[in-house]
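Let's take a friendly walk through one protein model. Have a look at the picture first, and then we'll go through some details.

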Amino acid sequence: MLFNLTSNQKQTITWLSVAFAFILLLSLLGPILMPFIVAAILAYVLNPWLDKLCLIKVKGITLPRPIAATLMILLVVACILAIVLIMVPILQKQIPLLHNQIPLFLNKFNSLVSPFLHDFGIQASIDSEGIKALISDHLASSGDVIGKAVLSSIRVGGTAVLGMLANFILIPIVLFYLMVDWHALLRRIHNFIPRRWLEQTQSWFKEVDDLLAQYLRGQIMVMVVLSFYYTIGLAIAGFDLALPVGILTGLLVFIPYLGFGLGLFLALVSAVLQFSDLHGLIAVGIIYGIGQALESFILTPKLVGERIGLHPLTVIFALMAFGQLFGFIGVLVALPASAVISVAAKNLRKSYLNSSFYRQP
């Protein structure tokens with residue numbers, strides 16, 4: 001049967017086999033692809049800004065692209081370090097307060113809920129003293145447990161830890177070379193495309209580029225707006241940790257569902273730490289409920305748009321699938337990668353419906 005195929009059909013089967021083998025190789029190499037995937041995403045996002053930076057003239061001399069790329073990378077690293085330096089000390093200071101605040105909160109919650117349950121004939125109460133003793137014992141031994149866990153991790157998973165550190169160090173290096181050679185790489189990809197497919201492929205790439213550009217620009221605007229909203233809302237409600245919790249919640253929005261859930265959890269912990277009654281929890285519920293509605297019905301449709309058009313079940317499956325293949329980085333790139341796949345699937349569907357294989361009775 002294979003020998004009866006035309007030359008074009010054989011070439012098509014060959015290239016499909018090569019594509020399948022390439023996808024299989026990517027899935028097998030998933031654990032080591034993290035720095036390259038992250039660097040490629042950052043290079044795609046930062047390249048337009050880098051091009052503008054390279055057009056700036058100082059005393060009639062344009063800035064060389066390697067120097068401009070270095071400055072851009074240093075700026076990104078400085079922003080990340082600034083966020084870390086703001087968040088880490090505050091969290092280190094507040095987390096030990098759980099030892100005292102959680103039992104007080106449980107006592108208050110017990111005094112409010114138990115009478116309500118008794119009215120329905122339910123005899124139930126929270127053993128706050130027992131929970132307090134459990135927390136005290138746990139915190140008293142946490143130093144030894146953490147120390148043993150660290151030593152065990154060093155003995156058992158030292159290679160994995162070193163590999164993770166190497167990946168994070170490798171990201172700015174890969175990013176530098178990608179940013180410097182970005183246009184050269186695009187020209188090589190352009191020259192590699194078969195000439196008969198060039199026009200159609202360029203059309204696909206343009207559609208994908210427009211979609212991703214709209215998604216990334218819109219998502220950044222959504223993150224900025226929500227960071228301001230959550231920070232201001234929590235500050236008005238009297239939260240001491242309004243700034244770090246609000247910024248983290250806004251920045252984590254780019255991870256669908258998981259980002260909002262983690263931000264909500266941080267706000268609830270902050271409410272338990274600071275308030276001894278239900279005031280904090282009620283404020284968190286109102287602020288985050290309005291924030292979710294604002295994001296879902298106003299910000300995302302207006303700023304990101306409906307062009308991605310992925311069903312919620314598709315988003316959940318994409319998060320799980322990309323997370324399984326590429327770990328946490330896969331979760332980060334799941335939505336834009338799914339958008340690219342949706343464009344390819346749409347065009348393949350159009351080609352299939354117009355093919356003789358489909359139309360032949």
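Which residues are buried in helix 2? They are Met-34, Pro-35, Val-38, Ala-39, Ala-43, Leu-46, Asn-47, Leu-50 and Cys-54. Here "buried" means under 20% relative accessible area, "exposed" means over 50%, and "partly exposed" is in between (1.4 Å probe, protein chains only). Helices (H or I, at least four residues) and strands (E, at least two) are DSSP runs, numbered from the N terminus.

A word on the ground rules: this is a predicted model, where local features need pLDDT of at least 70 and side-chain atom pairs count only at pLDDT 80 or more, while totals for chains, interfaces and linings use all residues. Residues are numbered from 1 along each chain as its sequence is written, and side-chain values use heavy atoms, with hydrogens and water left out.

**The whole chain**

The chain has 13 helices and 2 strands. It has 361 residues, and 29% of them count as buried. Its accessible surface comes to about 23,500 Å² (Shrake-Rupley method with a 1.4 Å probe; for residues, only the protein chains shown count as cover). Carbon and sulfur atoms own 73% of that surface. Now take contacts (heavy atoms within 4.5 Å): among those between residues at least 6 apart in sequence, 69% join residues at least 24 apart.

**Back to helix 2**

Helix 2 has 21 residues and spans 28 Å from its first C-alpha to its last. That is close to the 30 Å expected at 1.5 Å a residue, where the expected span is 1.5 Å times one less than the number of residues. At Leu-46, helix 2 bends by about 45 degrees, and Pro-48 follows within four residues. The bend is the angle between axes fitted to the seven residues ending at a residue and the seven starting there.

Cys-54 also sits in helix 2. Leaving aside neighbours within four places in sequence, Cys-54 touches Thr-62, Leu-63, Arg-65 and Ala-68. Its C-alpha is 6.4 Å from that of Ala-68, 14 residues apart along the chain.

How many salt bridges are there? The count comes to 1 (a side-chain nitrogen of Lys or Arg within 4 Å of a carboxyl oxygen of Asp or Glu). Arg-65 pairs with Asp-51, with the closest N and O atoms 2.9 Å apart. Arg-65 lies in helix 3 (residues 65-94) and Asp-51 in helix 2, so the pair ties together parts that are 14 residues apart in sequence. In general, side chains of opposite charge can pair when their charged atoms come close.

Ala-213 is in helix 7 (residues 198-236). Ala-213 and Val-45 are 168 residues apart in sequence, yet 8.2 Å apart in space, C-alpha to C-alpha. Glu-295, in helix 10 (residues 279-304), is in contact with Val-222, Leu-226, Val-253, Thr-300 and Pro-301, leaving aside neighbours within four places in sequence.

On the surface, Phe-20, Leu-24, Leu-25, Leu-28, Leu-29 and Ile-32 form a nonpolar patch with about 610 Å² of accessible area together. Patch residues have over 30% relative accessible area and no salt bridge; nonpolar side chains (Val, Leu, Ile, Met, Phe, Trp, Tyr) are joined within 5 Å, like charges within 9 Å. Ile-32 is in the loop between helix 1 (7-28) and helix 2 (34-54).

Here is how some of these residues are covered:

| Residue | Relative accessible area | Class |
|---|---|---|
| Ile-32 | 51% | exposed |
| Asp-51 | 23% | partly exposed |
| Cys-54 | 13% | buried |
| Arg-65 | 16% | buried |
| Ala-213 | 18% | buried |
| Glu-295 | 14% | buried |
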